[in-house]
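Have a look at the picture first, and then we can walk through it together.

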Amino acid sequence: MAGIVTWQFRHLLAIGTPLLILIAAYLFYFVDQTVATSMCANAWFFAVPLVLGALTGVIGERSGVVNIGIEGQMLTAAFASFFTAAATKSLVAGVAAGILAGVAMGAFLAWTTVTARMDQIIAGVAINIVATGITSFFYKSGAQLPVNMPQWNVPVLSKIPLIGETFFQTGPIALFALLIAPVLHFAMFRTRWGLRTRAIGEYPSAADTAGINVNRMRFVNVVLAGILAGAAGTYLSMEATSSFSRGMTAGRGFLALAIMIFGAWRPLRVVAAALFFGFANALASQLQGVVDIPQQFVTLLPYVLTLAVLAIAAGRVRAPAAEGVPFIKGEGQ
Amino acid sequence: MTQAESRPEAARGRPPSTEERVLELQGLSKSYGAVHANSDITLHIGRGEIVALLGENGAGKSTLVKQIFGLTRPDAGRIVIKGDSTPIKDPKDAIRRGIGMVHQHFQLVPVMTVAENLILGHEPVRGGIRLDLAAARMMVRELSEKHGLAVDPDARIEDLPVGAQQRVEILKALSHRVDLLILDEPTAVLTPQETDELLGVLSELAAAGTAIVFITHKLREVLAVADRVYVLRRGRVVGTVPTDETDAARLATMMVGHDVILRVDKKPSTPGKAVLSVRDLVVRDNRRLTAVDGFSIEVRAGEIVGIAGVEGNGQRELVEAIAGMRSPLSGTVRLGDRDITRFNAADTNAAGVGHIPEDRERHGIVASYSIADNLVLNCFDSEPYSRHWIRNISAIREHAIALRAEFDIRSASIDATAGSLSGGNKQKVVVAREMAARPRLLVAAQPTRGVDIGAIELIHRRIVEARDAGAAVLLVSAELDEVLSLADRVAVIHAGKVVAELPGDLVDRAEIGRLMAGERPGVPPTDHRSDGES
Amino acid sequence: MVPLVALAAAFSVGALLIRSQGVNPAYAYESLFSYALLDGSGLTATLQKVVPLVLCGLAVAIPLRLGLFNIGGQGQFMVGAIGAAAAAYALRSAPGIVTIIVTMVVGVLAGSMWASIAGLLKAARGVHEVISTIMLNSVAGGLIDWMLNGPLADEQVPYPASHAVPGSAQLPPIGVVPIGLPVAVTLAVATAWLLRRTTIGFRFETVGRNRYAASYAGISIRTTTVVAMGIAGGCAGLSGGIELVGVEPYRYQDGIAASLGFDGITIALLARGNPIGTIPAALLVAAMRAGAPHLALDTGLRPEIVDMVLAITLLFVSLPLVVKLIFRKHAAKGSQLASSWGA
């Protein structure tokens with residue numbers, strides 16, 4: 001009996017909360033069209049790299065690999081995409097280079113943690129430091145993108161007030177982030193790949209005895225997740241700003257981890273969590289014009305929010321049971 | 001211990017097995033470092049035959065079946081399956097060649113449903129991508145009907161009681177075409193009644209032609225169901241014998257190498273005042289479910305009280321609550337006149353409670369510490385082992401040298417790491433440390449699990465000596481024989497409650513078995529399974 | 001042995017990078033180290049940098065004993081330094097000795113408190129210390145930026161900076177030896193003693209090697225976590241205070257913390273978690289940091305080459321073989337650094 005009640009409550013919450021937010025947003029839209037539109041757009045603008053970064057973490061941790069190097073993956077990708085695009089005068093080459101950089105860093109993480117069974121936290125921190133080193137050593141000032149990234153208006157959908165302007169009048173990477181989350185959600189919970197991925201992150205020896213090659217699958221997943229981290233970095237330097245500056249990820253890779261936890265390792269909830277961060281940020285920027293808050297405090301908000309969210313969420317959500325633990329054949333539980 | 005007469009009917013009515021060999025092992029050897037887990041093992045099993053692998057913990061049974069299932073590779077020798085001697089690459093290969101395995105630690109993903117667990121590795125798919133969970137549910141229902149093993153396909157594994165989890169594990173093995181079914185210690189977590197049910201299922205499978213390898217260290221089960229027994233000792237097959245031609249005493253002798261019957265010489269107890277009084281204790285487990293549910297017991301000075309019960313009926317939580325490692329929800333724990341209900345582990349220890357923990361590797365020792373440091377783990381903060389926060393190394397060493405001799409801890413020196421010791425010597429370190437302070441109350445949880453006979457004898461003797469010196473002892477053990485041979489009084493625990501207290505000299509195993517399954521004394525049997533879930 | 005191999009490997013990769021820029025690697029390394037260690041002003045700069053590097057190395061090494069990875073040394077240093085700056089400004093008319101003592105105490109307490117936030121979050125809520133300390137670095141940066149542009153700003157200076165420590169409380173180096181050097185060395189030795197000979201160290205070690213056995217032995221993992229982080233933060237905070245009274249321009253300004261956080265990690269891992277080992281490791285890193293501007297002038301290489309070499313050093317030193325050696329004793333089941341985010 002209790003099971004049924006919680007089931008209904010959970011689903012009510014899952015459907016009801018976004019609905020309520022949507023209604024509130026439209027009410028606000030009705031009151032002040034410009035402010036509502038810019039706030040929503042700002043929120044999504046802020047959320048895009050967090051969604052992509054957090055999904056990188058979701059894939060890794062669902063497979064049992066903690067990825068604390070997302071920050072470094074993103075930074076390297078931001079760097080590689082921007083300078084490749086500037087050098088080749090091709091946006092496509094830039095995006096490809098960014099994604100490749102994310103994948104390469106992912107492959108490095110996979111090699112150290114899965115193949116070499118190095119401590120996953122140390123490996124991630126090392127990746128972050130190396131990324132800082134590479135991007136500052138090879139940095140050159142004065143490079144520019146040949147043109148800005150295109151802004152796409154999705155037919156029909158972009159005409160919807162508020163939602164259209166927020167989600168469907170954006171660049172290609174933002175659109176990709178919007179699409180990949182539900183796709184990944186489906187893949188995680190409704191496909192063979194997802195079932196196996198969850199199994200190797202929860203109880204690898206069970207997967208192993210069922211004939212699944214745990215370490216190969218972990219390796220491949222971490223590498224593939226690099227695509228998303230690469231896209232996140234590329235978004236920062238090419239789509240969001242059209243420039244690269246040193247350390248421009250500014251801790252977003254870590255915010256993404258908090259969002260992953262807040263989103264309970266579920267892709268769709270991750271989007272909601274990232275939007276929550278985005279709205280908080282947009283609201284603070286908006287308030288700055290009304291009340292006298294020092295600029296620094298607005299910049300600080302995401303970091304403080306991360307700490308608060310982790311403090312609240314950490315005890316309530318359950319991480320994949322086997323994350324962080326290298327799998328050694330024959331030593332399973 | 002002569003239960004040959006309780007052999008289930010199914011086992012007797014079975015047609016004789018044929019000569020067709022499903023599995024043959026020829027000279028199999030496997031070492032881990034300097035330890036020869038298996039040496040030169042040769043055995044065979046035919047269609048429809050049930051073969052038991054009997055041996056003590058550490059005799060090499062699990063290593064052997066891991067090789068048959070492709071989880072590790074043998075160093076030497078051949079595994080021949082139905083005449084095919086190609087080496088087994090991995091579990092997938094083993095499954096493909098008709099081997100099914102029921103693991104000692106269930107290989108089930110706790111957060112997934114029964115259906116999801118059953119399809120893992122060979123998932124049915126609709127439209128090329130989407131998991132076909134409807135087909136999976138159908139498969140579970142068909143399988144469970146076919147083999148008479150009831151499970152709900154949509155239940156999450158972690159919500160199921162252990163017996164049901166094992167049914168899932170068996171169904172999982174049977175979800176492929178299986179010619180050879182291997183079961184690794186399948187009865188360790190079952191009540192005697194559930195065990196009999198399982199043995200019935202095995203007999204039926206064998207009657208249908210499946211070859212079964214059944215690993216256990218329980219003689220009763222071997223005699224009840226197996227056709228033949230291979231006895232393993234220290235990695236070698238020391239004998240094989242048809243069950244019709246042997247009995248429990250002879251098997252026990254083969255198993256341990258010399259005539260050892262677990263009988264402890266002890267005088268009748270002369271209990272004094274109550275030392276431990278537990279009243280209406282309620283404790284929750286890690287999943288916040290009630291594990292200990294209104295437990296009361298009293299242990300007096302100079303007496304050993306044994307807790308008998310199937311594992312997972314709240315014993316672990318009870319011990320942790322008494323030892324100050326887990327906070328009870330309600331109820332009281334008193335040590336003499338003091339209320340120690342809310343004490344933490346350090347305060348409980350300081351109050352005079354010694355605790356031999358159930359999980360030696362996890363709680364009992366720090367593997368990378370020296371024996372000396374391990375021996376002061378419970379008193380490093382008190383004099384003479386430290387003064388004003390500064391550790392007194394020479395006092396710690398003297399302490400270690402004395403205990404090493406007293407408890408016959410076999411190691412190169414007191415500086416050897418605890419991790420380098422054998423299981424029995426590790427346990428001696430733990431027992432020595434907990435007894436060194438002459439505690440008023442000794443709580444011993446599974447004190448001889450996985451240790452050699454020599455160490456068992458020593459530990460049992462020390463426990464009895466502690467009792468004779470006036471300590472109160474609470475003994476919790478999954479080995480009924482251990483409880484019956486040591487305890488002056490036996491309390492049977494079921495679903496977190498004491499269901500009966502019996503004098504220690506009552507040795508009616510059948511009666512205790514019924515009590516362990518949750519049946520009230522003198523009340524007709526009820527369905528224990530639904531009972532355990534509430 | 002292993003750190004030396006890692007260093008040799010990192011310097012070889014660095015040599016390839018230097019060559020790719022058209023400079024002779026041997027010349028470049030010679031230029032770097034001869035300036036940093038043999039030149040008077042170079043040596044002063046090196047020794048001055050050793051002080052915070054040893055202390056920030058300790059800030060990583062101490063929590064590492066119990067399996068905690070404190071990567072917030074940077075923030076703890078900054079908070080310690082700004083606390084010291086505020087204290088020195090408040091006591092600007094007090095006698096120098098009083099100012100110095102109070103400044104140091106405030107630095108220690110501020111850094112300790114800042115690290116304890118991460119310790120408390122870990123102990124009470126299971127928040128992973130790597131994320132919380134990184135976030136606290138950013139929060140410290142933002143708060144200090146606001147203070148330097150507001151309550152603590154020195155209006156006489158054209159850039160954001162705090163007031164300088166009053167002259168009576170400034171402690172310039174004696175010869176080439178900065179006043180903080182003996183403090184840092186003493187602290188490294190004291191830490192080694194603390195870890196090996198006291199019950200506090202025994203608690204740390206036990207938690208790090210087998211947390212289950214620790215709680216069985218009645219050691220509170222929560223308390224130990226907070227205490228270890230507090231001590232680590234105190235080391236970093238103290239170095240912030242020393243920086244303020246002992247290094248020109250005796251005030252808090254941007255870039256005071258440079259890359260101390262990351263260097264602290266490199267040093268702790270190079271030292272294999274051994275407090276005494278942080279001294280040579282810090283000396284090496286300090287020499288590279290101090291020599292970098294000279295190297296740039298001398299060869300035209302970008303000073304970031306040093307960042308690269310240090311990053312590669314960290315990578316090599318944390319590679320599997322090495323990690324296995326450091327953490328061999330930590331390798332007991334269930335005591336990986338990375339276990340889970342959850343409580």
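Of the 343 residues in chain C, 61% count as buried. Please keep in mind that this is a predicted model.

**Fold of chain C**
- Chain C holds 14 helices and zero strands, so its radius of gyration is a handy next check: at 20 Å it is close to the 20 Å that the globule rule gives for 343 residues, and the chain is therefore as compact as a globular protein of that length.
- The C-alpha trace of chain C spans about 55 × 55 × 35 Å along its principal axes.
- If you count contacts in chain C between residues at least 6 apart in sequence, 77% of them join residues at least 24 apart.

**Surface and charge**
- Chain C carries 20 positive and 14 negative side chains.
- The centres of these two sets of charges lie 21 Å apart.

**Where chain C meets chain B**
- On the chain C side, 20 residues take part in the contact, while chain B brings 23 residues.
- The area buried between chain C and chain B is about 2000 Å², with carbon and sulfur atoms giving 64% of it.
- Which three residues supply more of the area that chain C buries against chain B than any other three? They are Thr199(C), Phe202(C) and Tyr216(C), which supply 38% of that area.

Definitions and conventions
Residues numbered from 1 in each chain as written. Chains lettered and ligands numbered in written order. Predicted model: local features only at pLDDT ≥ 70, side-chain atom pairs only at ≥ 80, totals over all residues. Heavy atoms only, no water. Helix = DSSP H or I, 4+ residues; strand = E, 2+ residues; numbered from the N terminus. Rg over C-alpha atoms; globule rule 2.2 N^0.38 Å. Buried < 20%, exposed > 50% of the residue type's maximum accessible area, 1.4 Å probe, protein only. Contact = heavy atoms within 4.5 Å. Lys, Arg positive; Asp, Glu negative; His and termini not counted. Charge placed at Lys NZ, Arg CZ, Asp CG, Glu CD. Buried area = accessible area lost by both parts, 1.4 Å probe.
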